[in-house]
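Subject: Structure handover

Hello,

Here is the structure I said I would pass on. Please open it next to this email and follow along; my notes come after it.

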Amino acid sequence: MIEVWSVILALVAVGLAAYYYFKGAYNYFEVRGIPHYKGLPVLGSMWKAVFQRVTFAEAVLELYNVRKDAKYVGFYDFFTPVIIIRDIELLKTITVKNFDHFQDHRSFQSDATDTLFSKNLFGLRGERWKEVRTLLSPAFTSSKMKAMYKLMRECAERYGNFLATIPEGQRCLELKDAFTRYTNDVIATCAFGVNVDSMADRNNKFYEYGRVATSFGRWQSVKFFIVRSMPYLANLLGIKLVDPVIAEFFKDLVSSTIKARDENGIVRPDMIQLMMETRGKLGPGKELTIDDMTAQAFVFFFGGFESTSTLMCFAAYEVGVNPDIQTRLQEEIDEVLENGNGKVSYEAINDMKYLDAVVNEALRMYPVIVAVDRVCTKPFELPPALPEGKPHHVKEDEFLWIPIYGIQYDPQHFEEPDKFNPDRFFDDPKRIMNSGTFLSFGMGPRMCIGNRFALMEAKVLLFHVFARCNLKPNSKTTIPMELSKKGFQMTAKDGFWFDVEPRKTVCPVLVGSVCNGTGT
């Protein structure tokens, strides 16, 4: 009997200890008077997304709207209190004016994160981030983009022709597969200097390894959150974000490419070439190793392989389910082809106002990254969250979130945010771009370095697809769009299905393409 009571008392003690621990862990915002979203013990405020009750985007929107009159609100990322910035002017202050207080992302520095993540531009922090960012920025200048445009165009023409010549009985297509293969081929040639045709060679290692490395299903998403939020547990369990075989493949690829170029005097307009040219110029301790170069090339691949192909899919989806938008876009495309005698130049595609508006609106409605974090690197005082509140002092190593999806779906910033309306970006896109409400690529010095590349890559493919094809909804097309609840990456629940048909009326000067709808 004594033993039984001992066990009962021990359980009661453990229960009381857990109660007071969780009570203390989850009263951070309450004692500071900050409106916040309450959650569950251990899982915090994101439990609905963790259990796939809602999409990650919907979870962010729910957090964002917990108090609509507040400049910022709080939530718990597992045990960690995080502040979500709602006020646009405050957001500008944090990401631009006072960037030095919030210049880093949450760290991936742990045994579980191999160098592909810990040494890439997104994962780097402090002075090393500044050094590498400065080093890589020239890869995305206008002159470099123009040089890479030719490589993109060749890939896009190949894919446009492929889609336009699909046999009649096989035209029901899931776009994500084709578009991901296109982005794979573009990044292979523009970042790694490797020529790949993933439609002809569907099982090439570059595509297969890339697909596995960038696929964030349920288990991969869980691993990501564990590595990011509980690195000690990731180390204990030996969790790796990237399979060592895949990591070694990319490292060998970069190493062999550099060796071949050195031995044969090969020069290409790509990222590896840019990094090769820094050798011997950065000084002791700052030189890029093979691991450093592989990490930068991989994050470029990681971001483009999945994110850009998803952008293309959502843009194509909205064009496909809105016939008036499809017609207007094709009219602009035909005009460009007529003026260019069947070709589209780098300058011409940059000047296409409606194509640009379609892509921007797709980015607004479907930001692939729905929220991004910042780490406080120097103490900072936030103004009161509410008029009657007190200023909040953010301490070093505490976290903020930029709720991209929440802001871009706020009717105060975008009228009828659930409606796909490219015209909101047509007349004066810079007004929106500079307003602080369009955040798909981030804001301030830490915004996505490859945004111009991603936009160009998407526009070139959409141009050549809609120059040659019509997209028509079929029985597999989900209307309206329904987002997948699996993982934290934004994508369609049941895929992007359309009938892809060659245009029966197409610009007569379109060279090397389908001009009569018969595939000849």
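A nonpolar core is a set of buried Ala, Val, Leu, Ile, Met, Phe, Trp, Tyr and Cys residues joined through side-chain atoms within 4.5 Å. Please keep in mind that the model is predicted.

The cores

The largest nonpolar core holds 144 residues. Phe179, Tyr182 and Phe192 are the residues with the most contacts inside it. Helix H15, which covers residues 290–321, gives the most to this core, with 16 residues. A second core is separate and has 26 residues, including Phe29, Val372, Val394 and Met443.

What does phenylalanine 179 touch, not counting residues up to four places away in sequence? The contacts of phenylalanine 179 are Leu163, Ser309, Met312, Cys313, Ala316, Leu461 and Val465.

The sheet

In general, the strands of a sheet pair through backbone hydrogen bonds, either parallel or antiparallel. Here, four strands form an open sheet in the order E1-E2-E7-E4, and the pairing is mixed. Strand E1 (72–77) and strand E4 are at the edges with a single partner strand each, so one side of each has no neighbour in the sheet. On average, neighbouring strands of this sheet are turned by 35 degrees against each other, direction ignored.

Strand E4 runs over residues 372–375. Its pairing with strand E7 (residues 399–402) is antiparallel and has four bridges. Within this pair, arginine 374 is opposite leucine 400, and aspartate 373 has tryptophan 401 as its bridge partner. Which residues of E4 point the same way as Val372, and which point the other way? Val372 and Arg374 point one way, while Asp373 and Val375 point the other way, and all are buried.

Histidine 101

Histidine 101 is in the loop between helix H5 (88–97) and helix H6 (115–118). Is histidine 101 buried or exposed? Its relative accessibility is 14%, and buried means under 20%, so histidine 101 counts as buried. The side chain of histidine 101 reaches the backbone oxygen of proline 379 at 3.1 Å. Leaving out residues up to four places away in sequence, histidine 101 touches Val375, Cys376, Thr377, Lys378, Pro379 and Phe380. One of these, Val375, is also among the buried residues of strand E4.

Regards

Key
Residues numbered from 1 in each chain as written. Predicted model: local features only at pLDDT ≥ 70, side-chain atom pairs only at ≥ 80, totals over all residues. Heavy atoms only, no water. Helix = DSSP H or I, 4+ residues; strand = E, 2+ residues; numbered from the N terminus. Buried < 20%, exposed > 50% of the residue type's maximum accessible area, 1.4 Å probe, protein only. Polar contact = N/O pair within 3.5 Å; in protein donor to acceptor, adjacent residues only side chain to side chain. Contact = heavy atoms within 4.5 Å. Pairing = 2+ DSSP bridges. Axes fitted to C-alpha atoms, helices over the stretch in contact; angles between N-to-C directions.
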